[in-house]
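This report describes one predicted protein model.

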Amino acid sequence: FCVVDFEIGQGKQYLHLLNALSARGQNVAVKIAAVAEKGGEERVRAVGDMLRLLAERLRIRFEFKIVATQKITELTRESLGCDADDVLMVNFAFKLIPDKTVSTENPRDELLRRVKRLAPRVVTVVEQEINGNTAPLLARVAETLSYYGALLESIEATTVGKDNSINNSDRVRLEEGLSRKLHNAV
């Protein structure tokens, strides 16, 4: 299968996938095409190297490709390194920012049209569900605490007392990042 990831982050979402595929013992090939913002190619390359090492250790065929954002207008299965018979998945984590215009000539809708032409079998959409700009202060604080509290609880539920890939330094970095976002939202 082939994954087009518009926000690969640190790539931690693929650690469990690669381990699960390895546990099945099937001969599987994983291709990831990660979209990189201008200037962010080095960070994305480091994520690809980390995933490549894990895949080698798990004996999974793995391909990683970086797609520059300026090449988005040229999205094809070929440009992404995906074969015609590959199952295509697309990850839109925090990339589909609401557009207030009514015009169909906006970047978000153009990106969606191009991805639709690729005929993905699975599309994931992750967006922030918080109104941190227009609500009155008390409502904004309550909504922010509820939203980020749920995120922190999910980290706690998935990391405490379990043998997993999130080590303490990763967890601390994740919690610090969420606390900055919480602070900025209020």
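How many of the 8 residues of strand β2 (residues 29-36) are buried? The count is 7, so that β2 is mostly covered; buried means under 20% relative accessible area, exposed over 50% and partly exposed in between, with a 1.4 Å probe and protein chains only. The model is predicted, with local features requiring pLDDT of at least 70 and side-chain atom pairs pLDDT 80 or more, while totals for chains, interfaces and linings use all residues. Residues are numbered from 1 along each chain as its sequence is written, and side-chain values use heavy atoms, without hydrogens and water.

**Fold**

The protein chain has 6 helices and 5 strands, taken as DSSP runs numbered from the N terminus (helices H or I, at least four residues; strands E, at least two). Their order along the sequence is β-α-β-α-β-α-β-α-β-α-α. Of the 186 residues, 34% count as buried. Contact means heavy atoms within 4.5 Å; among contacts between residues at least 6 apart in sequence, 70% join residues at least 24 apart.

Strands pair if DSSP finds at least two bridges between them. β2 pairs in the parallel sense with strand β1 (residues 2-5) over 4 bridges. From β1 the chain passes through helix α1 (residues 13-24) to β2 in a right-handed β-α-β crossover, meaning that the path from the first strand over the helix to the second runs clockwise when the strands point away from the viewer. β2 is also joined to strand β3 (residues 61-68) by 8 bridges, again in parallel, and V35 stands opposite V67 in β3.

I32, in strand β2, is buried at a relative accessible area of 2%. Leaving aside neighbours within four places in sequence, I32 contacts V3, I8, Y14, L51, F62, E63, F64 and K65.

D5 belongs to strand β1, and its bridge partner in β2 is A34. D5 is buried but has no salt bridge; R43, the nearest side chain of opposite charge, is 8.7 Å away. Here Lys and Arg count as positive and Asp and Glu as negative, with His and the chain ends not counted. The side chain of D5 makes a polar contact of 3.0 Å with that of N91, and a polar atom of the D5 side chain lies 3.2 Å from the backbone nitrogen of I8. A polar contact is a pair of N or O atoms within 3.5 Å; within protein, one must be able to donate a hydrogen and the other to accept it, and residues adjacent in sequence count only if both atoms are side-chain atoms.

**Salt bridges**

The structure holds 4 salt bridges, each a side-chain nitrogen of Lys or Arg within 4 Å of a carboxyl oxygen of Asp or Glu.

K31 lies in strand β2 and D86 in the loop between α3 and β4, so their pair ties together parts 55 residues apart in sequence. K31 is buried at 9% relative accessible area, and D86 is buried too. D83 is partly exposed at 40% relative accessibility. D49 and R52 are 3 residues apart in helix α2, about one helical turn. D49 is partly exposed at 37%, as is R52 at 27%. Through shared partners, salt bridges join K31, D83 and D86 into one network.
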